[in-house]
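Me: I have a structure open and would like to talk it through with you. Can we start with how the chains meet?

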Amino acid sequence: MTSPHTSEMIALKDVRFSYADRSILKGVNLTIKKGEIVAIMGGSGGGKTTLLGLISGRLKPQSGSVIVDGLDVPKLNKSNLYGLRRKIGMLFQFGALFTDLSVFDNIAFPYREQTNLPEDIIRSLVLLKLEAVGLRGAKDLKPAELSGGMARRVALARAVALDPAVMLYDEPFTGLDPISVGIIGRLIKRLNRALGMTSVIVTHDLNETLRLVDRVVVLSDGKIHRDMAPEQIRTTDDPFIRQFADGLPDGPVPFHYPGPDYLSEILGR
Amino acid sequence: MISQLAEFFQDLGHFVTSRIDRLGLAARFAGLLLLALGVSIRRASLIVREVYFSGVRSLSIVAVSGLFVGMVLAVQGYEVLQRYGSAESLGVIVALSLVRELGPVVTALLFAGRASSAVTAEIGLMRATEQLAAMDMMAVDPLSRVVAPRFLAAIVSMPLLAAIFSTAGVIGAWIIGVQLIGIDDGAFWSQMQANVDVRIDVLNGLLKSIVFGTAVGLISVFEGYFAAPTAEGIASATTRTVVISSLSVLLLDLVLTVMMFRGLS
C-alpha cells in the first residue's frame, strides 16, 4: 500500500486537465514529501483548486498520473477512493459546514459516520478538537451564528477530526480579517507539526503563506512556473512573481481580460 | 431567410437533444440512487427524520384540504343525486372519488408544493455551499446520506398522507351530507361500506400514491442535486420541481387509472 519512496506523499506526473475545450493544466509535475507544507500560488482561474480536486480524486485528469500515499488516485474504484479519503482532510474556501447541525455535531459528524466509537468518547474527542481551535465555548451555536473566522476554525477542526495524513486547504485565508488570518495560519502550522501531516495550501495570500510554508509552487498558464523556498520569493526578480508579491495590477498577468480593440469597440467601428 | 430557417432548426435540435440529455442524466441518477438505497435503508433514523420534515409537517395542509374537498364533493354530489332520488348514495360517491382519485392526486400536488420544493431548495443549497462536496471528501456518500433518505421519505409519506386526505374528506362529506342536509346516517355509512372495495378501490388508490411518491420524490432530489449553484439556479430548480411533479402526477394518474379501472364493470 505504501509507496516505494516512503518519503513521497503526493506525486503528480505530467498531469493534463481541461474543462470542455478550456485547458487548465498542461503537464504538471509535482512531488510533495511527507510532512511538508507546500503553497500553491497563481492567478485566479489558474488551476490551483483543480489541482486539489485531482489530488483528492474529485476530478480525473485527461492524462498523467496522480499518486497519493502510493495509490494511483484516478484508477481507484469508489470504495478504495473513500478509503484513501479517510486519510485526507480538506478545508473548503468558505468552510462548507453543515448548516442544519450545531458546531458540536459538525465536528462529531466524521466520528459518527466513520467510526463505531461510543457517544461519550466522541464527546471528548470533539471537545478536544474544539479546544484546539479555541471554540469549545461555541459548541452549541449553529453555523449561521458564527463569524467568518470562527466558521473557518470550526471547519478546520472538522477537517482534522480523523487525524488525516494529508491536509488540503482551499484558500484558507480568503475573506477573513487580519486577526483570523493570523489565527488560522498559526493553527495550520501547529496542526501540521503536532500530527505530522503533509499540507497543501492553495492561496493568494502571500504574506501569511510565506511565514508558514516550506516551499512555494507558482502555477502559471497551466504549468509550474517556479518551485522555490519562501525566502527566494521575497528576493526574486522574476516579473510574474514580483507582480504577484507586490500586487501590481498589470504585468505578465494582464489587467485586461482579452477583448477586441478598445478604441474601435467604443467608437463602434 | 435560409439562415433564419437554419437557425430555427438548430435551436429546435438543441432543444430536443438537451431534453434527451437531461432525461438520460435523470435515468443515470435514478440508477445511482437505487444503488445508494441499500445503505440508506439500514439507517432508519435518517429516513424517519425526513418523514417528519416532509410528511408530518404536511399533515395540517393535507387534512384541511381533504376536509374542504370532501365538503364540496358532498354539496355538488347531493345536488345531482337528489335529482335521481338517490341522495343516500352520497357516501359512496364521495368515498370512491376520494379513495380512487382525489386523495392520491391532490395529496401529491400538495406534497409537491409543500415538501418537495423545500427538498429541492435544501439539496441545491447544500451543493452550492459545498456541503455535499465536504461530505464526499469525508468519504461519506451524499447520495446515500442526504439524497436517498429524502427520496424514501416521499415514498413513505405519500400513501399515509393520501389516506389522511381521504379520511378527512369523508368526514367533511358526512358533516355536510348527514349533519347539515339531513341524509340518513345509516344509509350514508352502510352504502359506503357495501360499495367501496378494499382491493379495487383502496389498494389501487394506495398503489397510485406510492407511484406518485416515487415520481415526486425522484424529481425533487434530482432537480436539487443538479441545480446550478446560484440564487437563480436554485429558484428555477424549485419551480421546475413543482411544475414537473404536478404534470407527472396528472399524466401518471391517467395511465394508472386506465390500467386499473378500465373495463371493471
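Me: How many residue pairs are in polar contact between chain B and chain A?
Reply: This is a predicted model, in which local features need pLDDT of at least 70, side-chain atom pairs count only at pLDDT 80 or more, and totals for chains, interfaces and linings use all residues. The count between chain B and chain A is ten residue pairs, both residues at pLDDT 80 or more, where a polar contact is a pair of N or O atoms within 3.5 Å; within protein, one must be able to donate a hydrogen and the other to accept it, and residues adjacent in sequence count only if both atoms are side-chain atoms.

Me: Which part of chain B gives the largest share of the side that touches chain A?
Reply: On that side of chain B, α5 (131-137) and α6 each supply at least two residues, and the largest share, six residues, comes from α5(B). Helices here are DSSP runs of H or I with at least four residues, numbered from the N terminus.

Me: And how many salt bridges across the interface of chain B and chain A?
Reply: The rule finds six, a salt bridge being a side-chain nitrogen of Lys or Arg within 4 Å of a carboxyl oxygen of Asp or Glu. One of the salt bridges in the model joins the side chains of B:Asp141 and A:Lys78, at 2.7 Å from N to O. Side-chain values use heavy atoms, with hydrogens and water left out, while residues are numbered from 1 along each chain as its sequence is written, and chains are lettered from A.

Me: What area is buried between chain B and chain A?
Reply: About 1,700 Å², of which carbon and sulfur atoms give 55%; this is the accessible area (1.4 Å probe) that the two parts lose on being put together, summed over both. The contact, meaning heavy atoms within 4.5 Å, takes 16 residues from chain B and 20 residues from chain A.

Me: Changing topic, is A:Glu208 buried or exposed?
Reply: A:Glu208 counts as buried because its relative accessibility is 9%, and buried means under 20% relative accessible area (1.4 Å probe, protein chains only). A:Glu208 lies in helix α7 (residues 206-210) of chain A, and its side chain makes a polar contact of 3.1 Å with that of A:Arg211.

Me: What else does A:Glu208 touch?
Reply: Not counting residues up to four places away in sequence, A:Glu208 touches A:Phe173, A:Val181, A:Gly182 and A:Gly185.

Definitions and conventions:
Buried < 20%, exposed > 50% of the residue type's maximum accessible area, 1.4 Å probe, protein only.
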